[in-house]
Amino acid sequence: MNDAPEERTAPARTAVADRIAAAFADAGVDGVVHAVDIDRGTETGWEADRLVCTASVHKLCLLLALHRLAAAGRIDLTERVECPVEGRTPGGTGLAAMLDAPRMSLRDLAYLMIAVSDNAAADLLLARVGLEEVNRTTEALGLRRTRAVESFAATQEGMREDAGPAGARALTDPLVLARLRALDPAHGNRSTPRELTRLLAALWRDEFLPAAHGAAVRRLLGLQVWPHRLASGFPFDDVQVFGKTGTLPTLRAEVGVVEYPDGGRYAVAVFTRAADTGHVVPAADAVIGVVGRIAVDGLRGAP
């Protein structure tokens with residue numbers, strides 16, 4: 001696969017693009033976004049073809065690969081696997097935070113992987129599915145710049161190595177962050193905002209998975225618990241947001257679909273890198289919702 005960057009022209013300076021650029025600047029982040037009306041095909045964005053590190057957003061690609069195998073009869077989603085404590089991929093949620101060793105079905109591991117972004121559950125599924133199957137799935141969707149190259153445990157181990165003896169404390173040091181391979185899309189799991197909205201649009205139109213499997217995937221994306229990024233831009237009881245977040249030092253992202261009660265459906269992908277190296281930067285989280293809303297309002301013709 002050729003991962004060389006595609007030649008890109010400068011973003012069109014539309015009113016929507018200007019508002020997006022201003023929102024990113026006000027939040028102190030370097031950001032990219034793409035949004036598409038799933039049924040009409042109209043789109044808007046900012047640097048939508050820039051290659052980005054996907055972080056936990058790539059769990060969505062793993063989920064599609066899992067259901068693609070299940071639809072082909074090659075995996076039984078009710079198959080139960082042991083979840084040992086020893087060797088678990090670290091993380092603060094799901095299995096990664098549990099003290100005991102349950103036995104869980106593949107589909108329940110998928111729930112933890114998406115709903116709370118459980119790294120341990122994701123790597124158990126990845127061991128069953130395989131990196132190459134994940135890549136065959138995205139290739140089948142025509143996503144030639146979307147690539148899985150390592151497990152979530154490998155990403156974390158790479159960060160530990162790059163951080164050096166100071167460990168996690170060093171991950172707010174700009175000099176350390178500059179050498180993190182995890183933040184280099186040429187090194188790790190990667191995609192572009194435009195390719196990820198293409199994936200979501202195909203999933204929502206039932207063009208890639210059989211309808212039952214597509215519905216199962218959409219259900220899990222609707223169960224994600226994090227309200228502070230994309231969903232924060234759509235605080236309405238009658239608007240539903242489905243999504244998957246991704247986080248690394250200074251990197252915050254979310255891809256998802258916003259559904260309006262009038263039937264409008266919009267796929268959105270937002271990736272940001274914050275100038276502030278702190279672990280808690282509320283403005284960098286919130287701008288994902290702000291920019292997502294600007295993009296969707298632009299597609300809906302809102303003033």
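Some conventions come before the details. The model is predicted, so local features need a pLDDT of at least 70 and side-chain atom pairs count only at pLDDT 80 or more, while totals for chains, interfaces and linings use all residues. Residues are numbered from 1 along each chain as its sequence is written, and side-chain values use heavy atoms, with hydrogens and water left out. Helices (H or I, at least four residues) and strands (E, at least two) are DSSP runs, numbered from the N terminus.

I begin with helix H2, residues 59-71. Its 13 residues reach 18 Å from the first C-alpha to the last, close to the 18 Å expected at 1.5 Å a residue; the expected span is 1.5 Å times one less than the number of residues. Of those 13 residues, 11 are buried, so H2 is largely enclosed by the rest of the structure. Buried here means under 20% relative accessible area, exposed means over 50%, and partly exposed lies in between, with a 1.4 Å probe and protein chains only. Among the buried residues are Lys59, Cys61 and His67. Just after H2, glycine 73 adopts a positive phi of about 75°.

Next, strand S9, residues 265-274. Here 8 of the 10 residues are buried, so S9 too is largely enclosed by the rest of the structure. Strand S1 (residues 29-37) pairs with S9 in the antiparallel sense over 9 bridges; two strands pair if DSSP finds at least two bridges between them. Valine 36 has alanine 267 of S9 as its bridge partner. S8 and S9 form a hairpin with 5 residues between them, and glycine 263 in the turn has a positive phi of about 100°.

I now turn to lysine 244, in strand S7, residues 240-248. A salt bridge is a side-chain nitrogen of Lys or Arg within 4 Å of a carboxyl oxygen of Asp or Glu. The side chain of lysine 244 does make a polar contact of 2.9 Å with that of serine 117. A polar contact is a pair of N or O atoms within 3.5 Å; within protein, one must be able to donate a hydrogen and the other to accept it, and residues adjacent in sequence count only if both atoms are side-chain atoms.

Finally, the whole structure holds 20 salt bridges. In one, the closest N and O atoms of arginine 194 and aspartate 49 are 2.7 Å apart. That pair links distant parts of the chain, 145 residues apart: arginine 194 is in helix H8 (residues 193-204), and aspartate 49 is in the loop between strand S2 (43-46) and strand S3 (52-53). Arginine 194 is partly exposed at 24% relative accessibility, whereas aspartate 49 is buried at 18%.

Arginine 252 forms a salt bridge with aspartate 285, at 3.4 Å between the closest N and O atoms. Arginine 252 lies in strand S8 and aspartate 285 in helix H10 (residues 282-300), 33 residues apart. Arginine 252 is buried at 4% relative accessibility, and aspartate 285 is buried at 11%. Lastly, Arg68, Arg74, Glu133 and Arg136 are linked in a network of salt bridges.
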